[in-house]
Amino acid sequence: MGIETELTIVSGLPRSGTSLMMQMLASGGMDVVTDAIRAADSDNPRGYLEYERVKKTKEDPSWIPESRGKVVKMVSSLLYDLPDSERCRVVFMRREIDEVLESQEKMLRRLGRPSAPADAMRRSFAIHLERLFRWLPTQPRLSVLVVNYNRLIADPRPEIERVVAFLDGRPDPAGMLTAIDPTLYRNRVSPTVA
Amino acid sequence: MSKVQIDANLYERAKQAAALAGYSSVDELIATAIENELKRLGEADAERQVAEQLRGLGYIE
(Lines give C-alpha, C1' and ligand atoms only; values in the text may rest on other atoms or scores of the structure.)
Protein backbone atom coordinates (compact mmCIF):
# COMPACT_ATOMS: atom_id res chain seq x y z
CA MET A 1 0.00 0.00 0.00
CA GLY A 2 1.22 3.51 -0.76
CA ILE A 3 0.05 7.02 -1.21
CA GLU A 4 -1.28 6.19 -4.72
CA THR A 5 -3.80 3.74 -3.33
CA GLU A 6 -4.70 5.54 -0.13
CA LEU A 7 -7.01 8.44 0.48
CA THR A 8 -5.25 11.56 1.71
CA ILE A 9 -7.41 13.64 4.02
CA VAL A 10 -6.88 17.20 5.19
CA SER A 11 -8.74 17.56 8.45
CA GLY A 12 -9.12 19.80 11.47
CA LEU A 13 -11.55 22.26 12.96
CA PRO A 14 -13.11 24.77 10.57
CA ARG A 15 -10.88 27.84 10.20
CA SER A 16 -7.74 26.03 11.27
CA GLY A 17 -5.97 26.17 7.91
CA THR A 18 -7.50 23.18 6.14
CA SER A 19 -8.27 25.18 2.97
CA LEU A 20 -4.71 26.51 2.93
CA MET A 21 -3.30 22.98 3.21
CA MET A 22 -5.59 21.86 0.37
CA GLN A 23 -4.32 24.74 -1.77
CA MET A 24 -0.73 23.88 -0.86
CA LEU A 25 -1.14 20.24 -1.85
CA ALA A 26 -2.87 21.26 -5.09
CA SER A 27 -0.04 23.67 -5.84
CA GLY A 28 2.36 20.88 -5.03
CA GLY A 29 0.86 18.80 -7.83
CA MET A 30 -1.52 16.53 -5.95
CA ASP A 31 -5.03 15.90 -7.26
CA VAL A 32 -7.66 17.34 -4.98
CA VAL A 33 -11.25 16.16 -4.87
CA THR A 34 -13.62 19.13 -5.01
CA ASP A 35 -16.96 19.92 -6.55
CA ALA A 36 -16.59 23.70 -6.26
CA ILE A 37 -20.14 23.90 -4.86
CA ARG A 38 -18.99 26.13 -2.03
CA ALA A 39 -17.59 29.15 -3.82
CA ALA A 40 -14.82 31.43 -2.63
CA ASP A 41 -15.98 34.24 -0.37
CA SER A 42 -14.55 36.86 1.98
CA ASP A 43 -13.82 34.17 4.60
CA ASN A 44 -11.90 32.08 2.09
CA PRO A 45 -10.89 34.26 -0.88
CA ARG A 46 -9.10 31.37 -2.58
CA GLY A 47 -11.95 28.93 -2.18
CA TYR A 48 -12.78 26.11 0.18
CA LEU A 49 -11.80 23.14 -2.00
CA GLU A 50 -14.53 21.03 -0.50
CA TYR A 51 -16.48 18.02 -1.67
CA GLU A 52 -20.11 17.87 -0.55
CA ARG A 53 -20.29 14.09 -0.60
CA VAL A 54 -17.89 13.76 2.35
CA LYS A 55 -20.67 15.11 4.57
CA LYS A 56 -22.68 11.95 3.91
CA THR A 57 -19.84 9.45 4.18
CA LYS A 58 -21.57 7.50 6.94
CA GLU A 59 -24.61 6.84 4.73
CA ASP A 60 -22.82 6.70 1.40
CA PRO A 61 -19.05 6.11 1.24
CA SER A 62 -19.18 5.28 -2.49
CA TRP A 63 -17.15 8.39 -3.38
CA ILE A 64 -14.08 6.94 -1.65
CA PRO A 65 -12.76 4.35 -4.15
CA GLU A 66 -12.55 6.89 -6.97
CA SER A 67 -10.82 9.34 -4.62
CA ARG A 68 -7.93 7.09 -3.59
CA GLY A 69 -4.60 8.62 -4.47
CA LYS A 70 -6.17 12.07 -4.21
CA VAL A 71 -6.71 14.62 -1.45
CA VAL A 72 -10.04 15.47 0.14
CA LYS A 73 -11.01 17.85 2.92
CA MET A 74 -12.98 16.47 5.84
CA VAL A 75 -13.87 18.33 9.02
CA SER A 76 -12.65 16.65 12.24
CA SER A 77 -15.95 15.14 13.36
CA LEU A 78 -16.44 13.32 10.05
CA LEU A 79 -13.30 11.22 10.53
CA TYR A 80 -15.37 8.86 12.71
CA ASP A 81 -17.52 8.10 9.64
CA LEU A 82 -14.72 6.67 7.51
CA PRO A 83 -15.21 2.97 6.71
CA ASP A 84 -13.20 0.63 8.99
CA SER A 85 -11.37 -0.89 6.03
CA GLU A 86 -10.15 2.38 4.49
CA ARG A 87 -6.46 3.22 4.82
CA CYS A 88 -5.94 6.97 4.93
CA ARG A 89 -3.23 9.56 5.49
CA VAL A 90 -4.63 12.36 7.60
CA VAL A 91 -2.96 15.77 7.64
CA PHE A 92 -4.57 17.29 10.70
CA MET A 93 -4.39 21.07 11.05
CA ARG A 94 -4.16 22.66 14.49
CA ARG A 95 -4.33 26.40 15.12
CA GLU A 96 -4.46 28.62 18.19
CA ILE A 97 -7.98 27.98 19.43
CA ASP A 98 -8.76 31.67 20.04
CA GLU A 99 -7.93 32.42 16.40
CA VAL A 100 -10.17 29.56 15.31
CA LEU A 101 -13.02 30.81 17.48
CA GLU A 102 -12.68 34.42 16.33
CA SER A 103 -12.64 33.37 12.71
CA GLN A 104 -15.63 31.06 13.15
CA GLU A 105 -17.59 33.80 14.91
CA LYS A 106 -16.94 36.21 12.04
CA MET A 107 -18.02 33.62 9.52
CA LEU A 108 -21.20 32.79 11.46
CA ARG A 109 -21.99 36.49 11.79
CA ARG A 110 -21.59 36.93 8.06
CA LEU A 111 -23.88 33.96 7.47
CA GLY A 112 -26.42 35.39 9.92
CA ARG A 113 -26.23 32.32 12.13
CA PRO A 114 -25.88 32.13 15.92
CA SER A 115 -22.70 31.15 17.73
CA ALA A 116 -22.38 29.80 21.26
CA PRO A 117 -20.34 31.89 23.74
CA ALA A 118 -16.59 31.64 23.08
CA ASP A 119 -15.82 30.14 26.52
CA ALA A 120 -18.33 27.35 26.02
CA MET A 121 -17.07 26.65 22.50
CA ARG A 122 -13.46 26.67 23.67
CA ARG A 123 -14.31 24.03 26.28
CA SER A 124 -16.35 21.95 23.85
CA PHE A 125 -13.68 22.01 21.14
CA ALA A 126 -11.07 20.99 23.71
CA ILE A 127 -13.18 17.98 24.74
CA HIS A 128 -13.90 17.19 21.07
CA LEU A 129 -10.19 17.21 20.15
CA GLU A 130 -9.16 15.33 23.28
CA ARG A 131 -11.68 12.59 22.48
CA LEU A 132 -10.63 12.51 18.80
CA PHE A 133 -6.94 12.23 19.65
CA ARG A 134 -7.73 9.42 22.07
CA TRP A 135 -9.55 7.60 19.27
CA LEU A 136 -7.13 8.18 16.39
CA PRO A 137 -4.27 6.03 17.81
CA THR A 138 -6.73 3.14 18.10
CA GLN A 139 -7.23 3.26 14.31
CA PRO A 140 -4.08 1.77 12.74
CA ARG A 141 -5.54 2.30 9.25
CA LEU A 142 -5.35 6.07 9.82
CA SER A 143 -1.87 7.56 9.71
CA VAL A 144 -1.95 11.04 11.19
CA LEU A 145 0.37 14.02 10.84
CA VAL A 146 -0.46 17.08 12.92
CA VAL A 147 0.51 20.38 11.31
CA ASN A 148 0.44 23.59 13.32
CA TYR A 149 -1.01 26.41 11.20
CA ASN A 150 0.69 29.18 13.19
CA ARG A 151 4.06 27.52 12.79
CA LEU A 152 3.38 26.86 9.10
CA ILE A 153 2.76 30.57 8.45
CA ALA A 154 5.69 31.72 10.58
CA ASP A 155 8.23 29.31 9.09
CA PRO A 156 6.77 27.26 6.22
CA ARG A 157 9.72 25.23 4.99
CA PRO A 158 10.17 22.82 7.95
CA GLU A 159 6.44 22.15 8.10
CA ILE A 160 6.29 21.58 4.35
CA GLU A 161 9.17 19.10 4.64
CA ARG A 162 7.23 17.17 7.26
CA VAL A 163 4.15 17.03 5.04
CA VAL A 164 6.16 15.95 1.99
CA ALA A 165 7.84 13.15 3.98
CA PHE A 166 4.47 12.06 5.39
CA LEU A 167 3.05 11.83 1.86
CA ASP A 168 5.96 9.74 0.54
CA GLY A 169 7.56 12.68 -1.26
CA ARG A 170 4.57 13.07 -3.56
CA PRO A 171 3.85 16.82 -3.33
CA ASP A 172 6.45 19.24 -4.66
CA PRO A 173 7.70 21.44 -1.79
CA ALA A 174 8.45 24.42 -4.02
CA GLY A 175 4.93 24.31 -5.41
CA MET A 176 3.45 24.02 -1.92
CA LEU A 177 5.35 27.09 -0.80
CA THR A 178 3.83 29.24 -3.53
CA ALA A 179 0.35 28.74 -2.04
CA ILE A 180 1.22 30.50 1.21
CA ASP A 181 0.14 34.11 1.30
CA PRO A 182 0.80 35.59 4.75
CA THR A 183 -1.52 38.51 3.96
CA LEU A 184 -4.39 36.04 4.24
CA TYR A 185 -3.35 35.22 7.82
CA ARG A 186 -6.08 37.13 9.57
CA ASN A 187 -7.72 36.70 12.98
CA ARG A 188 -4.31 36.67 14.59
CA VAL A 189 -4.62 36.84 18.36
CA SER A 190 -0.98 36.53 19.39
CA PRO A 191 2.41 36.95 17.75
CA THR A 192 3.68 33.80 19.51
CA VAL A 193 3.71 30.36 17.97
CA ALA A 194 2.02 27.54 19.85
CA MET B 1 -18.70 11.72 52.51
CA SER B 2 -22.20 11.45 51.07
CA LYS B 3 -24.18 8.24 51.00
CA VAL B 4 -26.38 6.90 48.24
CA GLN B 5 -28.78 4.00 48.32
CA ILE B 6 -28.70 1.22 45.77
CA ASP B 7 -30.59 -2.03 45.40
CA ALA B 8 -29.13 -4.84 47.56
CA ASN B 9 -28.87 -7.19 44.60
CA LEU B 10 -27.03 -4.56 42.55
CA TYR B 11 -24.72 -3.96 45.50
CA GLU B 12 -23.87 -7.68 45.66
CA ARG B 13 -23.13 -7.76 41.93
CA ALA B 14 -21.00 -4.65 42.28
CA LYS B 15 -19.13 -6.25 45.20
CA GLN B 16 -18.30 -9.32 43.14
CA ALA B 17 -17.30 -7.23 40.11
CA ALA B 18 -15.13 -4.97 42.28
CA ALA B 19 -13.27 -7.97 43.69
CA LEU B 20 -12.77 -9.47 40.23
CA ALA B 21 -11.58 -6.21 38.69
CA GLY B 22 -9.15 -5.43 41.49
CA TYR B 23 -10.94 -2.49 43.08
CA SER B 24 -10.11 -1.96 46.74
CA SER B 25 -13.79 -1.58 47.61
CA VAL B 26 -17.27 -1.30 46.15
CA ASP B 27 -17.08 2.43 46.98
CA GLU B 28 -14.09 2.78 44.68
CA LEU B 29 -15.86 0.94 41.85
CA ILE B 30 -18.98 3.09 42.23
CA ALA B 31 -16.98 6.33 42.37
CA THR B 32 -15.12 5.28 39.21
CA ALA B 33 -18.38 4.40 37.47
CA ILE B 34 -19.86 7.79 38.36
CA GLU B 35 -16.73 9.63 37.20
CA ASN B 36 -16.83 7.75 33.90
CA GLU B 37 -20.51 8.49 33.38
CA LEU B 38 -20.05 12.18 34.17
CA LYS B 39 -17.18 12.30 31.68
CA ARG B 40 -19.31 10.57 29.05
CA LEU B 41 -22.18 12.98 29.60
CA GLY B 42 -19.80 15.93 29.40
CA GLU B 43 -18.35 14.60 26.15
CA ALA B 44 -21.79 14.03 24.67
CA ASP B 45 -22.80 17.58 25.55
CA ALA B 46 -19.57 19.01 24.08
CA GLU B 47 -19.95 16.98 20.88
CA ARG B 48 -23.54 18.22 20.55
CA GLN B 49 -22.35 21.81 20.81
CA VAL B 50 -19.49 21.21 18.35
CA ALA B 51 -21.92 19.60 15.90
CA GLU B 52 -24.23 22.63 16.13
CA GLN B 53 -21.33 24.97 15.41
CA LEU B 54 -20.07 22.88 12.48
CA ARG B 55 -23.59 22.70 11.07
CA GLY B 56 -23.92 26.46 11.34
CA LEU B 57 -20.65 26.87 9.48
CA GLY B 58 -21.81 24.48 6.76
CA TYR B 59 -19.28 21.69 7.37
CA ILE B 60 -21.74 18.97 8.32
CA GLU B 61 -25.42 18.37 7.62
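Trainee: Which side chains meet in a salt bridge with a distance of 2.9 Å, N to O?

Mentor: In this predicted model, the side chains of E47(B) and R131(A) form that salt bridge, at 2.9 Å from N to O. Between chain B and chain A the count is 3 salt bridges. The side of chain B that touches chain A is made up of 6 nonpolar, 5 polar and 5 charged residues.

Trainee: How many residues does each chain bring to the contact, and what area is buried between chain B and chain A?

Mentor: Chain B brings 16 residues and chain A brings 28 residues. The buried area is about 2,000 Å², and carbon and sulfur atoms give 56% of this area. Q53(B), L57(B) and Y59(B) supply 35% of what chain B buries against chain A, more than any other three residues.

Trainee: How is a pair of aromatic rings described, and how many such pairs are found over all chains?

Mentor: The description uses the distance of the centres and the angle of the planes. The whole structure holds 3 aromatic pairs. One of them joins Y51(A) and W63(A) edge-to-face, at 6.1 Å centre to centre and with 75 degrees between the planes. Both residues lie in the loop between α1 and β2 of chain A, 12 residues apart, and both are buried.

Another pair, F92(A) and F133(A), is edge-to-face at 5.0 Å and 85 degrees. It links strand β3, which holds F92(A), to helix α3, which holds F133(A).

Trainee: Why does F92(A) count as buried, and why does F133(A) count as partly exposed?

Mentor: F92(A) counts as buried because its relative accessibility is 0%, whereas F133(A) counts as partly exposed because its relative accessibility is 27%.

Key
Residues numbered from 1 in each chain as written. Chains lettered and ligands numbered in written order. Predicted model: local features only at pLDDT ≥ 70, side-chain atom pairs only at ≥ 80, totals over all residues. Heavy atoms only, no water. Contact = heavy atoms within 4.5 Å. Buried area = accessible area lost by both parts, 1.4 Å probe. Salt bridge = Lys/Arg side-chain N within 4 Å of Asp/Glu carboxyl O. Nonpolar A, V, L, I, M, F, W, Y, C, P; charged D, E, K, R; others polar. Phe/Tyr/Trp six-rings, centres within 6.5 Å; stacked < 30°, edge-to-face > 60°. Helix = DSSP H or I, 4+ residues; strand = E, 2+ residues; numbered from the N terminus. Buried < 20%, exposed > 50% of the residue type's maximum accessible area, 1.4 Å probe, protein only.
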